[in-house]
Each structure stands twice: as C-alpha cells, then as structure tokens.
Amino acid sequence: MKKSIFVGALLLILIGIAILQKGLPGSSELGPGDPAPTFTLETIDGKKYAYSHAKGKPAIISFFATWCDPCHKEAPLLVEWHRKYGSQVEFVFVNWTKRDDVKSAQFFAKDYGIRFPVVMDQQDRVSNQYQIKVIPTTYFINRDGKIERIVKGVRPADTEAWLRAQVK
C-alpha cells in the first residue's frame, strides 16, 4: 500500500515538473516558424519604437539586463554586427526592465556605443510574449517576420553567417 502511494505521488510530481517546463497541454510555445510578435515600447530616450515585420527586413531582437554578465559579452557583438549589417537588418535591444532601470540601460547603451533602438519593457509584456526566462535571449527573425532561431545565452559562432544569408 505504501509503495503504491509513493509511486503515485512520484508520478504526480513528475507530471507537475513536465507541465512547468513545457506549459499546460494546448498552450502555445513560441518557436521557429512562428510569426514574431509585434510590439511598441518606449526607448531609453523617451521615444516610441514599434517593431513590425511589415518593414520587410530581417531582425535581431535581443532581451537583456544591465546586471547580466553574458549580456555584457553579447553587446559588443551586436554593436559590431549592427555596424556591418544595420542598414539591411533591424536590431533592437529589449531591456528586462522589471528587474532593471532606465538610467542603467542608458549607461549600458552609452558604454557600448549602441546606435540601434534600446527599449524598456516596463511591465514585462513583451518579455512575456516572447516567453523570456533566461537572458540574454536573442530572436532571429527572417524578412517575412517568422522566427528562425532562438538563442539563449551568447553563441555568436554562426550568427554572422545567418546575417550574411539574410542580406543576400
């Protein structure tokens, strides 16, 4: 009797862990092939920025926070790629503001010489749409507005090849 209760409890725990990791059955997980959610947020200098795939350009949307060490490693790479491909690829940094502040994001952008939009997700609305759980998380979106890749952490090895393929 005790053994069957233990096995049943263990099974319930495992099912609970699976639901937490994957979501409830029927819930949608954002992934490659899905359309990237559009959004409008305020930039670090108080202007409105709207991401829309109607622009017909591929995009890199990177979620970051100023206190995140890997984000500091990724920032120079994004700045370099923006310098090379910024006229053909849309770049945007989305600050995980609920855990950060505008002044820190302004300093971060100035410190790295970021010349593409840095926006503040103050209610985590966009971070929730993009299902951000780890930062940095970067979405690679093709010119049709479909997500091609999602990278959690800094993995620049083949990113430049992706960028070159998008601008051909």
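Buried here means under 20% relative accessible area, with a 1.4 Å probe and protein chains only.

I noted that this is a predicted model, in which local features need pLDDT of at least 70 and side-chain atom pairs count only at pLDDT 80 or more, while totals for chains, interfaces and linings use all residues. Residues are numbered from 1 along each chain as its sequence is written, and side-chain values use heavy atoms, with hydrogens and water left out.

For F39 I listed the contacts (heavy atoms within 4.5 Å), leaving out residues up to four places away in sequence, and they include I61, V92, V94, V126 and Y130.

Next I turned to helix α2, residues 69-85, where helices are DSSP runs of H or I of at least four residues and strands are E runs of at least two, numbered from the N terminus. Its buried residues are C71, E74, A75, L78, W81 and Y85, and they pack against β3, β4, α3, β6 and α5.

Which loop holds D100? D100 lies between β4 and α3, and it counts as buried because its relative accessibility is 13%. The side chain of D100 has a polar atom 2.6 Å from the backbone nitrogen of T66. Beyond its neighbours within four places in sequence, D100 is in contact with A65, T66, W67 and N95.

Methods: The expected span of a helix is 1.5 Å times one less than its number of residues. Buried means under 20% relative accessible area, exposed over 50%, partly exposed in between (1.4 Å probe, protein chains only). A polar contact is a pair of N or O atoms within 3.5 Å; within protein, one must be able to donate a hydrogen and the other to accept it, and residues adjacent in sequence count only if both atoms are side-chain atoms.
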